[in-house]
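Please open the model in your viewer, with the sequence panel beside it, and keep a selection tool at hand. The stops below are meant to be taken in order.

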Amino acid sequence: MSRIGLKVIEVPAGVTVTKDGENNITVRGPKGELTRHFNPIIEMHEEGNLINFTRSSDSDRAMHGTMRANLNNMILGVTEGFKKTLDLIGVGYRAQLKGKTLVLNVGYSHPVEMEAPEGVNVEVPSNTNIIISGISKQKVGQFAAEIRDVRPPEPYKGKGIRYTDEHVRRKEGKTGK
């Protein structure tokens, strides 16, 4: 039984959740609006400011929890938003923002330029910190992962781009006689 799917979602004040006939659910809140298509095998029931999901058969357990989590993330996004922070660790590694383009100098012979997707805000408070924020958890996480993939942290010196709360397991280097 899906424990996540059985939890009831409480819709906060100032947020509206609407469903059209094609299983598209739109969530509007103080920070913006998100729309997503949901699978028709799981039914959404609204009772006042409470929403719960039910499934018709036991074979749809995984989709049950996924749909509930997706709607909850949409509601959190339009009320609070999501944020990921990245650190650049390495001598000479730095980031700067030119308009909506993030320019990374991370040890390659050329700077790497990345355009921020629609709905994602990028801030560079210092040369070695990047803050990505937005209302869509998927877009924020995807863009943060793309930035990290430019130069992932290596296990010997720990150089690279990593999430602020990420722990990189370090390996012992060569030992000579």
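This is a predicted model: local features need pLDDT of at least 70, side-chain atom pairs count only at pLDDT 80 or more; totals for chains, interfaces and linings use all residues.

Residues are numbered from 1 along each chain as its sequence is written, and side-chain values use heavy atoms, with hydrogens and water left out.

**The largest pocket**

Begin by selecting L34, T35, R36, N70, N73, M74, I135, S136, K137 and Q138, the residues that line the largest pocket. A pocket here is an open set of points, on a 1 Å grid over the protein atoms alone, where a 1.4 Å probe fits and protein lies on both sides within 12 Å along at least five of seven lines; a lining residue has an atom within 4 Å of a point. The elements giving two or more residues to this lining are β4 (32–37), α2 (61–79) and α3 (137–150), where helices (H or I, at least four residues) and strands (E, at least two) are DSSP runs numbered from the N terminus. The volume of the largest pocket is about 200 Å³, a volume being the space filled by probe spheres set on the points, with grid points joined across faces, edges and corners. If you color the lining by class, you will find 3 nonpolar, 5 polar and 2 charged residues; Ala, Val, Leu, Ile, Met, Phe, Trp, Tyr, Cys and Pro count as nonpolar, Asp, Glu, Lys and Arg as charged, and the others, Gly among them, as polar.

Next, select S57, which is found in the loop between β6 (50–55) and α2. Which side chains does the side chain of S57 contact? One is that of S59, in a polar contact at 3.0 Å, and another is that of D60, at 3.2 Å; such a contact is a pair of N or O atoms within 3.5 Å, and within protein one must be able to donate a hydrogen and the other to accept it, with residues adjacent in sequence counted only if both atoms are side-chain atoms. S57 is partly exposed, with a relative accessible area of 30%, on a scale where buried means under 20%, exposed over 50% and partly exposed in between (1.4 Å probe, protein chains only).

Now extend the selection to α2, whose 19 residues should span 27 Å at 1.5 Å a residue and whose end C-alpha atoms are 28 Å apart, which agrees; the expected span is 1.5 Å times one less than the number of residues. Just after α2, G81 takes a positive phi of about 90°.

Move to α3 and select V140, F143, A144, I147, R148 and V150, its buried residues. They cover an arc of only 150° around the axis, which puts them on the same side of α3; the arc is that of the directions from the helix axis to the C-beta atoms. An α-helix has 3.6 residues a turn, so residues three or four places apart point the same way. E146, in the helix α3, is partly exposed, with a relative accessible area of 36%.

From there, select G134 in strand β12 (residues 129–134), which counts as buried at 12% relative accessibility. The C-alpha atoms of G134 and R68 are separated by 20 Å, and the two residues are 66 residues apart along the chain.

**The cavity**

For the last stop, select K19, N23, I25, F38, N39, I42, E43, M44 and M67, which line the largest cavity, a cavity being a set of points where the probe fits but cannot get out. The volume of this cavity is about 40 Å³, and strand β5 (residues 42–47) gives the largest share of the lining, 3 residues. By class, the lining divides into 5 nonpolar, 2 polar and 2 charged residues.

Finally, keep N23 selected: where does N23 lie? N23 is in the loop between β2 (16–19) and β3 (24–29), and is buried, with a relative accessible area of 15%. Its phi is near 65°, a positive value in a residue other than glycine.
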